[in-house]
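Please read it alongside the sequence and the coordinates.

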Amino acid sequence: MIKIFSVHAKRTDFLKLHLESLNFFCKDNFEYFCIDNFFDENKSKIIKEECEKYKVNYVRFSNYQITGTAWDHAPALNSIKSISSDQDINVIMEFDVFLINKFSFVDYIEDFDISGIYQQRGNFEKEYIAPFVVIVNKNISQIDFNGSDGCDVGGNTRFYIKDKNVKWMKHTPALIYPNDVKSFIFDYDPSFGSQVIENSFLHYYRGTNWDQKPKDYEFLKTIWLQNALNKSKECDIINHKYLDKYQTLFSDCFKNWNEVNTNFNSKLNPYLNEN
């Protein structure tokens with residue numbers, strides 16, 4: 001049985017959607033752990049009650065101070081190591097990443113050590129895993145999810161993956177351009193900035209509303225998400241004719257982070273020549 005860990009913050013309504021999509025699409029037997037990273041005490045109480053309602057593991061760590069900022073994320077991820085086993089396949093899923101197609105984490109990871117989405121800083125000097133979806137094939141205790149030296153959360157995974165066999169996930173960039181209205185088989189607003197990973201995950205993106213969109217906008221985006229997840233249980237919601245060409249190991253948004261315009265020169269095998 002695999003272990004799935006998800007750090008929840010700001011919003012309590014995504015737990016139900018998370019579990020529904022996993023129960024419907026995940027082909028593996030799994031145990032779910034909801035990490036309570038809420039700064040708001042009332043929301044913390046609600047998420048605990050939701051965990052009891054849905055009979056999943058509720059965890060609130062006490063080894064770091066929750067501030068209600070992005071700085072809370074890395075210590076939560078690192079604390080997961082205290083409740084996981086190096087003998088298991090451990091999965092980390094952002095609380096705003098949802099399965100939309102059948103998927104087996106066990107089959108996908110195969111004999112690779114770790115899988116996730118590529119990210120870089122410093123003109124490819126620092127290459128690491130963005131913790132949207134991370135599959136760790138044992139030995140999770142060896143990984144540091146902190147950011148450092150100009151890297152965001154997950155930056156220190158670069159030290160772990162340096163000599164490991166990494167399976168990079170194909171994904172789209174944030175779907176923000178006018179033509180991206182074609183990404184799905186139903187209406188989509190590119191301002192949502194969502195993302196598709198391995199044709200199996202829908203990344204709602206900005207789930208904590210860190211860009212401070214107004215409530216009516218968040219309401220409409222949430223309605224869109226709910227409709228998308230419901231529709232995904234009936235049919236494949238991805239417009240493959242349009243979107244498949246954007247599924248890549250290293251999307252332009254990460255290749256050219258901070259407006260890097262040099263040729264792509266990853267130092268991570270076997271992707272040296274990936275363009």
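Where is the place of K102? In this predicted model, K102 is found in the loop between β5 and α4. The residue is exposed, with a relative accessible area of 53%. K102 also lies over the face of F24, at 5.2 Å from the ring centre. The C-alpha atoms of K102 and S200 are separated by 6.9 Å, although these residues are 98 residues apart along the chain.

**Aromatic contacts**

A pair of aromatic rings is described by the distance of the centres and the angle of the planes. The count for this structure comes to 18 aromatic pairs. One of them joins F103 and F201 in an edge-to-face arrangement, at 4.9 Å centre to centre and with 65° between the planes. F103 lies in the loop between β5 (97–99) and α4 (105–109), and F201 in strand β10 (residues 201–203), so this pair ties together parts that are 98 residues apart in sequence. F103 has a relative accessible area of 7% and is therefore buried; F201, with a value of 0%, is buried.

Y188 and F192 form an aromatic pair that is also edge-to-face, with 6.0 Å centre to centre and 75° between the planes. Y188 counts as buried because its relative accessibility is 5%, and F192 counts as buried at 6%. These two residues belong to one aromatic cluster, together with F184, F186, Y217 and W224.

A lysine is placed over a ring at Y204: K221 lies over the face of this tyrosine, at 4.2 Å from the ring centre.

**Salt bridges**

Side chains of opposite charge can pair when their charged atoms come close.

| Salt bridge | Closest N to O distance |
|---|---|
| E31 and K3 | 3.9 Å |
| R11 and E218 | 3.2 Å |

E31 and K3 form a salt bridge. This pair links distant parts of the chain, with E31 in strand β2 (residues 30–36) and K3 in strand β1 (residues 2–8), 28 residues apart. E31 is partly exposed at 26% relative accessible area, whereas K3 counts as buried at 17%. K3 and E31 are also linked with D88 in a network of salt bridges.

The salt bridge of R11 with E218 has its closest N and O atoms 3.2 Å apart. This pair links distant parts of the chain as well: R11 is in the loop between β1 and α1, E218 is in helix α6, and the two are 207 residues apart. R11 is buried, with a relative accessible area of 13%, and E218 counts as buried at 11% relative accessibility.

D36 lies in strand β2 and R60 in the loop between β3 (57–59) and α3 (73–79), so the pair ties together parts that are 24 residues apart in sequence. Is D36 buried or exposed? D36 is buried, because its relative accessible area is 0%. R60 is partly exposed, with a relative accessible area of 37%.

**Helices and a surface patch**

Helix α1 (residues 14–25) has 12 residues, which should span 16 Å at 1.5 Å a residue; its end C-alpha atoms are 16 Å apart, so the two values agree. The buried residues of α1 are F14, L15, L17, H18, L19, S21, L22 and F25.

Which residues make a nonpolar surface patch? F219, L220 and I223 make such a patch, of about 300 Å². L220 lies in helix α6 (residues 215–232), and this leucine counts as exposed because its relative accessibility is 55%.

**Backbone with positive phi**

N139 has a phi near 60°, a positive value in a residue other than glycine. This asparagine is found in the loop between β7 (126–137) and α5 (157–161), and N139 counts as partly exposed at 31% relative accessibility. N199 likewise is not a glycine and has a positive phi of about 55°. The place of N199 is in the loop between β9 (195–197) and β10, where N199 is partly exposed, with a relative accessible area of 24%.

Methods
Residues numbered from 1 in each chain as written. Predicted model: local features only at pLDDT ≥ 70, side-chain atom pairs only at ≥ 80, totals over all residues. Heavy atoms only, no water. Patch = residues over 30% accessible without salt bridge, like charges linked within 9 Å, V, L, I, M, F, W, Y side chains within 5 Å. Areas by Shrake-Rupley, 256 points an atom, 1.4 Å probe, with all protein chains shown as cover. Salt bridge = Lys/Arg side-chain N within 4 Å of Asp/Glu carboxyl O. Helix = DSSP H or I, 4+ residues; strand = E, 2+ residues; numbered from the N terminus. Buried < 20%, exposed > 50% of the residue type's maximum accessible area, 1.4 Å probe, protein only. Phe/Tyr/Trp six-rings, centres within 6.5 Å; stacked < 30°, edge-to-face > 60°. Lys NZ or Arg CZ within 6 Å of the ring centre and 35° of its normal. Expected span 1.5 Å × (residues − 1).
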